[in-house]
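I opened the notebook to look up a few things in one structure. The entries below follow the order in which I checked them.

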Amino acid sequence: MAANFWMSSHCQEWLRCKADDAKTPLQQEKTRRNRLILSESEETKLRVHLAMFISNLGKHNQVRCRQRVIATATVYLARFFYNNSYKDFHPHLIAATAVYLASKVEEWPVQPNKIEKALRDLSRSAGKYGVNDIVDGEYFLMEELKFNLIVFHPYRPLQQYLADSNLQDVASTAWYLINDSYRLDLCLEYPPHIVAIAAIRVAGTYANQRATVDSWFNERLTFNAEHRSHVNQVVEQLISMYEEYSHLEPEEIQQLLNKIPNPPPVGSNMEPTPQLQN
């Protein structure tokens, strides 16, 4: 495990530039297959739903894992579907497998039969998958993640920045903002500390402390112009998410899920997808 984020596989392997990757044959093929069943807007809605689904799975009374497990599982899912199409893998099964793997990595192990029971309670479309499918899919998922299982999250830098900015009274709101940030692919595009700072900016503004936030951000943080631009990009994406995707109706989500095929379980006669090159 790398103690330094900048030396970790999270930074070296899994911070992607979507604009550059979109030009690669692998990403073009994935996008082509996704468009066979989902529009770009529908894909975004599905991604938001899947983060919420993993959260509900982790909080189910059969599972009851801590937030870090939920966050790590959501990152695993985002990484998996960065290279793979929803047409080829049922996202609810991938979500359940990601929770199972993350519970081990984050040292909060959950028995797979409990995850399977929660999956059956929460998903009509993944009802045919059983506990063996979750267990058998674990190694396949690890292959797709290139065995890069250690994930750095924004929670620790959030605590440090809250103390530095003297904005501890917005801690709860900023924490929830970070939880919600996993509904987007921010974890694939920005370092954790960028997301933490953006969460503080949004939380401080919401709490009518814009002047304090701006003073801290502009005067105390030693950031270059590029990093400041990244913070602003994350702020804009968070606000846009709340404006456009905070009230997805269950019927709408079910219509999206109905468009997704029921492929064979993960790892059943499947070959790992070729990985993007840095």
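**Entry 1**

I began with a helix contact: L26, Q27 and K30 in α3 meet F81, Y82 and N83 in α5. I am working from a predicted model. I sorted the residues of this contact of α3 with α5 by type and got three nonpolar, two polar and one charged.

Next I wanted the geometry. Two packed helices are described by the angle between their axes and the distance between the axes. I looked up both for helix α3, residues 25-35, and helix α5, residues 67-83: the axes come within 8 Å and cross at roughly 95°. Angles of 65 to 115 degrees count as roughly perpendicular, so α3 is roughly perpendicular to α5.

**Entry 2: the annotated domain**

I then turned to the record. The unreviewed UniProt entry carries the annotation "domain: Cyclin-like", and it covers residues 52-136 and 156-236. I looked up the make-up of each stretch. For residues 52-136 I noted 67% helix and 0% strand. The end C-alpha atoms of that stretch are 24 Å apart. For residues 156-236 I noted 73% helix and 0% strand, with 22 Å between the end C-alpha atoms.

**Entry 3: cysteines**

How many disulfides does the count come to? I found zero. A disulfide needs a pair of cysteine sulfur atoms within 2.5 Å. I checked C11: the closest cysteine sulfur is in C187, 14 Å away, so the two are too far apart for a bond.

C11 has 15%, so I wrote it down as buried. C187 has 11% relative accessibility, so C187 counts as buried too.

**Entry 4: Y190**

Where is Y190 placed? I found Y190 in the loop between α10 (171-181) and α11 (192-206). Its relative accessible area is 6%, so Y190 is buried.

Which residues is Y190 in contact with, leaving aside its neighbours within four places in sequence? I listed L15, V195, H230, Q233, V234 and Q237.

Last, I looked up a distance from Y190 to R228. The two are 38 residues apart in sequence, and their C-alpha atoms are 12 Å apart in space.

Notes
Residues are numbered from 1 along each chain as its sequence is written. This is a predicted model: local features need pLDDT of at least 70, side-chain atom pairs count only at pLDDT 80 or more; totals for chains, interfaces and linings use all residues. Side-chain values use heavy atoms; hydrogens and water are left out. UniProt positions are given in the numbering used here, feature names are shortened, and annotations may be inferred rather than shown by experiment. Helices (H or I, at least four residues) and strands (E, at least two) are DSSP runs, numbered from the N terminus. Buried means under 20% relative accessible area, exposed over 50%, partly exposed in between (1.4 Å probe, protein chains only). Axes are lines fitted to C-alpha atoms, for helices over the stretch in contact, and angles run from 0 to 180 degrees between N-to-C directions. Angles under 35 degrees count as roughly parallel, over 145 as roughly antiparallel, 65 to 115 as roughly perpendicular and the rest as oblique. Contact means heavy atoms within 4.5 Å. Ala, Val, Leu, Ile, Met, Phe, Trp, Tyr, Cys and Pro count as nonpolar, Asp, Glu, Lys and Arg as charged, and the others, Gly among them, as polar.
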